Amino acid sequence: MSIQTINPNTNKVLKSFEEMTEKEVEAKIAKAKVTFADWKETSYQQRADLLHKVATLMRIKKSELAKTITLEMGKVIAQAEGEIDLSADILDYYADHGEEFLADKVLDPEYGEAIIRNSPIGVLLGVMPWNFPYYQVARFAAPNIMVGNTILLKHASIVPQCAAAIEELFEEANAPEGLYTNLFISGKRASALVSDKRIKGVSLTGSEEAGASIAMEAGKHLKKVVLELGGNDVFIILEDADMEKTVEWAVVGRINNNGQCCVASKRFIAVEAIADEFIQKFKDKLSKMKVGDPMDPTTELGPLSSEEAAVHLADQVERSVNEGAKVLLGGKRADREGAFMEPTILTDLKPGIAAYHEELFGPVATFYVVKDEQAAIELANDSDFGLGASVFTQDIERGKRIADQIDTGMVFINHPTWTQADLPFGGTKRSGFGRELSALGIQEFVNKKLIRISGLNDPF
């Protein structure tokens, strides 16, 4: 079976890679285990120096790496370059702060002394998605390499050139062989790897189905797992919002990465007082977006990641309309070559309609009008997902009160849900569990070892 790069702008195959054989995978796992025995003995400074080297190489090669992202999954080129910068920032962040985050914690027992020491646990398996092919890897690999773990990485099958390029960056930075290893294998084979005794933990970012498969295997074999799954983030507009800026952020929140973000703003909830004004301005801006070749710097909306993704999104829209939703804008595949979907707004959504419940991974927004703030909170929480949320209001204290009542892992006030190295990222409910980034992200795959020093005459 081959793993292929298919340019979603043209739906043409660009390059193919063969899946690794069982013998090749076995050799990679064995090497990762051997390397762990040495890597865990290195100093934090040695680990930081390596991460800084990889970050520097990323920035030097930014243009080349960004073009590969755009060719493989259709991200517009400026955003692809931004992803490389963000990924390098994450590597530098953990290189600069990892030792501090992992420092011994001194306890104060009644007798004697005690500390908690963060120790690496071994070889980790990462299963990463296509929508941010460098960033997703950076936020998993950087903290764990800093901890002293070693990494096996199964990347999404539609971004094989990105997957290979990341491994090459580590090689060029003179990382020891086996520290970071790319695996060209299927998702099914990745799930099967969880049972391998040499693999001590697993992190997956992806679909609910993939997360359930990995979690089932991890549970069966009593292994730690971190899951970042889907989202159906709300974007609440209150009557005192700054309308012009709110609409600008609404477009960014929905269309960034061609609408293919777990934390994209997907459900737009406006209170009655300003609903008409918001939706008219939002619709107007979406309708004027330039759709086209993601390599063109003037393009605002590129293709979806694959023809399969475009077909699936169009089917979700069609099913929703058949179930009673109304199309306010768009609603169809764009009339051009490639995996394109028109900017779309759906309204009149109720429980039982597909778009009310399902994550729409692309440039399709759902719009709701509610009576007041309390109704907005209730609707926001009526979801199986709980990743992020946004609240737009000029009353910051009001925004904080609402944030407390929204059942998600992240709430942003006056900004779409987004990410940066020093902010924790993760969700609740069916959006997964565990945290990445910030000081929290480096604590997931460590042994928090208690070291207790007692006097010989201390009581039992």
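Before you click on anything: a residue counts as buried when its relative accessible area is under 20%. Keep in mind, too, that you are looking at a predicted model.

**Stop one: Cys261.** Select Cys261 and ask yourself: is it buried or exposed? Its relative accessible area is 3%, so Cys261 is buried.

**Stop two: Cys262.** Now step along to Cys262, which is buried as well, because its relative accessible area is 10%. With these two cysteines on screen, how far is the sulfur of Cys262 from the closest cysteine sulfur? That closest sulfur sits in Cys261, 7.7 Å away, which is too far for a bond, because a disulfide needs the two sulfur atoms within 2.5 Å. The disulfide count for the model comes to zero, and Cys261 takes part in none.

**Stop three: Glu228.** Cys262 is also a handy way into the next site, as Glu228 is in contact with it. Select Glu228 and you land in strand β9, which covers residues 224-228. The UniProt record, an unreviewed entry, lists Glu228 under "active site". Glu228 is buried, because its relative accessibility is 4%.

**Stop four: around Glu228.** Keep Glu228 selected and bring up its contacts beyond four places in sequence; among them are Gln136, Leu204, Thr205, Gly206, Leu387, Phe425, Ser431 and Glu436. Arg139 is another of these contacts. Which kind of contact joins the side chains of Glu228 and Arg139? Draw a distance between them and you'll find a polar contact of 2.8 Å.

Notes:
Residues are numbered from 1 along each chain as its sequence is written. This is a predicted model: local features need pLDDT of at least 70, side-chain atom pairs count only at pLDDT 80 or more; totals for chains, interfaces and linings use all residues. Side-chain values use heavy atoms; hydrogens and water are left out. UniProt positions are given in the numbering used here, feature names are shortened, and annotations may be inferred rather than shown by experiment. Helices (H or I, at least four residues) and strands (E, at least two) are DSSP runs, numbered from the N terminus. Buried means under 20% relative accessible area, exposed over 50%, partly exposed in between (1.4 Å probe, protein chains only). Contact means heavy atoms within 4.5 Å. A polar contact is a pair of N or O atoms within 3.5 Å; within protein, one must be able to donate a hydrogen and the other to accept it, and residues adjacent in sequence count only if both atoms are side-chain atoms.
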